[in-house]
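Trainee: I have a structure to look at and would like to learn how to read its features. Could you walk me through it, please?

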Amino acid sequence: MTAVALATACAVIFGTADFFGGLATRRSKVLAVVVLSQLGGLLLVAALLPALPGHPSTAALAWGMASGVAGAFGIVLFYRGLATGMMSVIAPTTATTAMAVPVVFGLLTGDRPSPLALVGVVLGLFAVLLVSREPDNGGARGPKAGPILAALVSGAGFGGFFVLLKLAPADSGTWPLLGARIASIALVALLALVTRRSLRPVPGSLTVTIAAGVLDMAANVLYLFAAQRGMLTLVAVLVSLYPASTLLLARYVLGERLSAVQITGVGFALGAIALIAAA
């Protein structure tokens, strides 16, 4: 139950962080948003290290840095997709892939959920597929292939991030996240240097960018503790339901239309959480 509660809260915060990240990339350049948001997350995890239990080790930092590399590729492509495509399509598409990678890994490495929990896993996958459906745009053409491809590849990066964090020692606390942030910031900053992209934020975008990074790190902390306490197969499914909060924010803040199918998907997401929690 603790892992379920942590993973569910993680999903809500992840979805909110992605909403802020999408807003930031519409106002500023992608690499600037990624680096500055990641710096905000780094400051948060550094502040949390003395307060939360955990033991630093080479293995904890190494697995964290490996996850940071995967996550960096994921978030750059994800924010680019959010900046060029519909938020209510890109976020769920990414989540579908991000769910599949750790679920398959968990099953292959010995996770054996109960039959009721497995029904919840299937329902969760179905929920993500439903909310991924593009709403009716009044005859407008569907989403472009570029943003969708970016969403799929970014989902694979996020899935790798989840798996690699799970492989860190169980007693390491939040130390893997410190390694992850150091690696991701260094990688994206190097990419900006090589491509000669400016990391200077556009005026008016800094607050929302930092908010995205702080919320993302808060969600990462919740995920790490959930993964340390529960099966990766179940935790990953619950965390991957984060598009529901992104969709609702996009609907009520940006006025993006949601179809009846997407709304049904949100309902199925709630059902998946209930089934996994009851198992």
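**Reading the features**

Mentor: Gladly. The structure holds one salt bridge, that is, a side-chain nitrogen of Lys or Arg within 4 Å of a carboxyl oxygen of Asp or Glu. This is a predicted model, in which local features need pLDDT of at least 70 and side-chain atom pairs count only at pLDDT 80 or more, while totals for chains, interfaces and linings use all residues. Residues are numbered from 1 along each chain as its sequence is written, and side-chain values use heavy atoms, with hydrogens and water left out.

Trainee: Which residues form the salt bridge?

Mentor: In general, side chains of opposite charge can pair when their charged atoms come close. Here Asp216 pairs with Arg181, and their closest N and O atoms are 2.4 Å apart. Asp216 belongs to helix α8 (residues 206–229) and Arg181 to helix α7 (residues 175–194), so the pair ties together parts that are 35 residues apart in sequence. Helices here are DSSP runs of H or I with at least four residues, numbered from the N terminus.

Trainee: Is Asp216 buried or exposed?

Mentor: Buried means under 20% relative accessible area, exposed means over 50%, and partly exposed lies in between, with a 1.4 Å probe and protein chains only. Asp216 is buried at 11%, and Arg181 is buried at 4%.

Trainee: How many cavities does a search of the whole structure find?

Mentor: The general idea is that rolling a probe the size of a water molecule over the atoms shows where empty space is left. On a 1 Å grid over the protein atoms alone, a cavity is a set of points where a 1.4 Å probe fits but cannot get out, and lining residues have an atom within 4 Å of a point. Searching the whole structure gives two cavities of 30 Å³ or more. The largest cavity holds about 220 Å³ of space, where a volume is the space filled by probe spheres set on the points, and grid points are joined across faces, edges and corners. It is lined by 18 residues, and those closest to its centre are Phe14, Ile75, Phe158, Asp216 and Asn220.

Trainee: Which helices supply the lining of the largest cavity?

Mentor: At least two lining residues come from each of α1 (2–27), α3 (58–84), α6 (145–166), α7 and α8. The largest share is that of α3, with six residues. Sorted by class, the lining has nine nonpolar, six polar and three charged residues. For that sorting, Ala, Val, Leu, Ile, Met, Phe, Trp, Tyr, Cys and Pro count as nonpolar, Asp, Glu, Lys and Arg as charged, and the others, Gly among them, as polar.

Trainee: What does Gln38 touch?

Mentor: Contact means heavy atoms within 4.5 Å. Gln38 lies in helix α2 (residues 30–48) and is buried, at 4% relative accessibility. Not counting residues up to four places away in sequence, Gln38 touches Ile75, Arg181, Ser184, Ile185 and Asp216, so both partners of the salt bridge, Asp216 and Arg181, are on its list.

Trainee: How far apart in space are Ser184 and Gln38?

Mentor: Their C-alpha atoms are 7.7 Å apart, although the two residues are 146 residues apart in sequence. Ser184 lies in helix α7 and is buried, with a relative accessible area of 2%. Leaving aside neighbours within four places in sequence, Ser184 is in contact with Gln38, Gly68 and Ala72.

Trainee: What is the reach of α7 from its first C-alpha to its last?

Mentor: The expected span of a helix is 1.5 Å times one less than its number of residues. With 20 residues, α7 reaches 29 Å, close to the 28 Å expected. Its buried residues include Pro176, Leu177, Ala180, Val188 and Ala192.

Trainee: How many residues of α9 are buried?

Mentor: Helix α9 (residues 232–239) is mostly covered, with eight of its eight residues buried. Among them are Leu232, Thr233 and Val239.

Note on methods:
On a 1 Å grid over the protein atoms alone, a cavity is a set of points where a 1.4 Å probe fits but cannot get out, and a pocket is an open set with protein on both sides within 12 Å along at least five of seven lines; lining residues have an atom within 4 Å of a point.
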